[in-house]
Amino acid sequence: MSSRPSSSQTSVGSGALSHAYIQHPSLRCNVPESRGLFYDDANRLLICVTSSQVFSWETATFNPDVSPSVDSIPEGPILSIRCSLGKKVIAVQRSDCEIQFFHRETKQTLTHKCKAGSESILGFFWSDSPLCDLAVVKTSGMDLFACDSAMNLRLVETKKVNVNWYIYTHESRLVLLASGLQCKTITGFQLSTAGVVRLPKFEMTLATTESNSKPIISPGDVHLITVYGRIYCLQVDMEAMLLHTYRFYRDAVVQQGSLPIYSSKLSVSVVDNLLLVHQIDAKVVIIYDLFVDSRAPVSAPLPLLWRGYQGSDTSSQQENEGTESSTSSENIVMYEDAWTFLVPDLILDQTNKAISASSSDRSSLLEFLQRRKLEANKAKQLCLGIARTLILERRPATQVTQAIDVLVTAYSYSVKAGIYKELKNEKTTATTPTNDGASPDNERGRASGSSIDEEEEVEMNLPSGSADEQQESQLSSPAISPDELYKFVFASVEEAMVEESDYLVAIITEFLRSISAEKLKVDLNIYVMTVRLLAHSKRFAELSLFTTNKIIEPSKEVALQLLESGGQNLRVRKLGLDMLRQLSLHHEYISSLVQDGYYLEALRYAQKRKVTSVRSSLFLEAAFASNDMQHLAAILRVLSELIPGFKETSEYYTFHGLLNETSSSVAV
Amino acid sequence: MASMSSGDESLRLCVFDLRRGQTEGQELDKILFFHPPELDVSTQLSVTGLSEGLITFTRLFSPEAACEVIEAERHSHVFFEAETDIWMVMVVEKNKDTGAIWRIDALRGMLKEVHSLFVMFHGSVRALLEKEPTGGLTRAQLYPFITDYLSTFQKRSRSEDWCCDLFVGKKLQLPNFRETTLSERGTVQMLTLARDTALEVQSLVQVLESCAGNLQCHSMILFQDLLVSTTLSPDDTTNLFTFAVMRLTSQALLSSDASSWSYLRKGTGSSETSSTSGSIDSQHHVIRPLQNDKWKKGKDGFLVTDVWGLETGGSPDSAIPIVWLQQRQERVYLLAYQYKSLTLLLLLPTTAVLNGGLSVSAVKHQVIEQASLRIMKIEEKISRGWGGENAYHVKGYRYLVVDTDLEVSRASPSGKVATLAKESLLALNKLREEVDLEKSRAKRQERDLEICIRAKNNAWVIARVSRDKELYMALEKASDTLLDATDAVGRFSNRYCSGAFLMD
């Protein structure tokens, strides 16, 4: 893990600077006589059809080498194709009035037709709502059918709406039906596991110009996306060159503002709760984080990059581009006309490093990273790296403080939300967290956003099934515990910062304040380190305040450090002694007193607290060394009382003898 | 010795330099300061002459530590060698009937204090003398300084004993045994903070000190008359704390307002002191940092004073107070900011300001911009947690705990001490005197003292000295046995002194 995100690291691939990458190698489907490529977003299947065969690839667990499953169907035109949610049935739209169903096991077939002439079928999709299994969208409205295992269709409900076109994503379980001359009146239904919810009808915003007084919205202009468990609708307004955002609540649709457009063609992707707006003409991606209210992009626009691509690799074909044309090998043209973008995106891999290199506000960057779920471990490592870098670069303390606050708050939040789990197996000796082996802690699909829903209850709940669609990551959360912050940030920079310990202490103080405000605890060693740093810069006044006000939490380790650092300053040593006494560490207290030459006080204390663990010879030797025979005699007497059988020990004889030799006048 | 007290004055205080005026006829040159100033020269000379004689004589036996005190029938002479060969001598009248009962160490504490304060503002007396060998400058600075210092006691007694103000008049009232027995001059009193508040305060300290950019500066925060935080060494902290409590804290500003109002009402005015110093002013640039009523709270929250001159004259920073820090051996600008009960002192090295091109007003601006909000919050937080003036009262105990190393003390609130019987206080005063004596004898040895005495009124007065911590206590429950008394001390020690005092 490199600690310093820099632009040089982003040059993987074709060498250009980029934020977003297309994962390489991609899935290749070389099917002869292919007639069309479809994507079934409910099952995450990539489907390629020939005249009589259906090839489908699983994309949920991405593996470029996966082999397709093959089904045979009768010949005929295919307008669209979708598998049922159990993948038992393949449904094929043959024309604008006919849908055919094929049972994969029983080979049973069924044809569903609508009234020819008066209405036509726009499309269909499968649903996991308890009410219905299949929805067929027609120009006259939407029919909801129940389908049993014998493939009998039963009409459950009809929603009468005039429909020009519709869009649906399985992720949101939301279907939007467009009507009106300009297609800007939108009726929405959510076919969730909780039932069918009708959304309030709303009008999309469209600017008019003199040349085009009645612009029409096409289905390609509207995108449904899900970020942070919230459902948004994005609508392109070409006349105004704006991308309008609408957020769906259970009982309202609220326009949220608009993003600028720099291209006449545009598409969107969602990666790890981030909105990627592809400005196709300009061949760049702009990344937005809708979580923050600001409509400013997260980073500067940069081109999409093909990660891991090598020039010699021929005929690689992108998996989610619904096109048969295999991309030319020598010269990959990004944003070919034939590219279509599916929401959510499967292949774009967010690399946080590039963003961190191009983002200047570190604390909002950390906030941003802390919201990342897709590559939690990477985000976490980056956060640690950024924190370390901030300190090593001697950024203003307020800036570092802000950054640390972000990390601590995020951690506290994720602990409360139950997302964060301590890695039990982590070795304390490791210099960086080795999370590769931490699979037991894997959490699936956290991005379904249960935690977010808790705090915004009016918000429309995402269907629970979407959890399956989330990619697994090794860590469930990029949150960093205070102990990790200590270990991987503070402790690791201590040596480098020892000459600027004032600065480091200032940051540690803010860190302690931050964790105290969140009622968290931290590794005791941070206090030992604080003592060391304060003593190093000779800030004894503060050291004493820190200790008396318990900013430095008392512990044996801290006390011993105080004693050690007190080599330069007696006051500091005394703080250590006081701490030992307060912690009732009698043995250490007495030994330290004797060591400082206060053997009488030590003995008094031992006598009072009935401590016999300290070697009696310590007192005797100290007294003998000070050449005070009266003291020696007193100590012998006290020890005889304190320790049973002391008079029988050789020690007693030795010192008693010494006493008698030196001065016979002192009575023992 | 009794003949010494020729005038009515109950206090005489002189500062003299043994290296000056060695030739006959030049003796007056020794004297750098004498109070009262109106005393005739011959009496002044006889006081200094006697003192010098005693010092010379006692040095024969004890070259390291010469004469400390002379107890005459009606007077006590307290000696303090402030700097090498620069002596301060205080002569006080003893009178049991008027309550003029002194503890010598408490008096010497005043001499030490005024000297430390003087050094903080003007540098050492010796340095001043070397700078200007005639002694004129030294005398010009010392005179108003010590007079202003002494006037604190005059005024303090006025505001406290409002009703007897008229009778006391302008006479100085040195703090007597009632005030000194359970207090320790030259120590600071700390505010105990909860951990989270302490962290907030520490964070504020960092913000405050960062207002000066990369300059190494220091700060100190007081809440009312209690120290909240400091980044100075104990000695510098004590001096600045003493000054702040005298002149800067919200309390000090409040009482100075009150006393100035009483001045106006009575129409006396401080004309005497100002006119005397005024005549010297013309020769030397005299600064009177201890002059009362000179600090006001400005609109921006910073305290302003014209003691160091007017803002309009000269460079913009010339009017900013400057103090001398002993530990770092540097001169620093003193900026004081006040919000309600919270007083914040920021100390900026003058050389760094001059060389670094940093203007003090820019720092002030930074403080207002970056710290004022936090200051408000912390004031609020501390005020909420503050138990009032009796916060450190411990029921049944009248106590004083001193940490001589850290120069910190804590005592029963004065209102509670005042409820003690005179006999108890006198007994404890006497006991403290004994302990002082014992301490000075055993200077370099392991000090471990434990004394419990039953006073005439059956109160227990207790002293406990353990290396660097001292505990003095009066327990007035007459029925208590010695065992009860030591138990009470033990409980107190465990509960409030983290078990520092072990009783046998």
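How many bridges join strand 6 of chain B to strand 7 of chain B? The legends below give the answer. This is a predicted model, in which local features need pLDDT of at least 70, side-chain atom pairs count only at pLDDT 80 or more, and totals for chains, interfaces and linings use all residues. Residues are numbered from 1 along each chain as its sequence is written, chains are lettered from A in the order in which they are written, and side-chain values use heavy atoms, without hydrogens and water.

**View 1. Strands 6 and 7 of chain B run antiparallel.** Four bridges join strand 6 (residues 218-223) to strand 7. B:Leu222 has B:Leu227 of strand 7 as its bridge partner. Strands are DSSP runs of E with at least two residues, and helices are runs of H or I with at least four, numbered from the N terminus.

**View 2. The open sheet of chain B has five strands.** Their order is 7-6-12-11-10, with antiparallel pairing; two strands pair if DSSP finds at least two bridges between them. Strand 7 (226-230) and strand 10 (322-325) are the edge strands of chain B.

**View 3. Chain A meets chain B.** The contact (heavy atoms within 4.5 Å) takes 33 residues from chain A and 38 residues from chain B. Helix 7 of chain A gives the most to the side of chain A that touches chain B, with eight residues.

**View 4. A salt bridge links B:Asp403 and A:Lys574.** Their closest N and O atoms are 3.3 Å apart. A salt bridge is a side-chain nitrogen of Lys or Arg within 4 Å of a carboxyl oxygen of Asp or Glu. Between chain A and chain B the count is five salt bridges.
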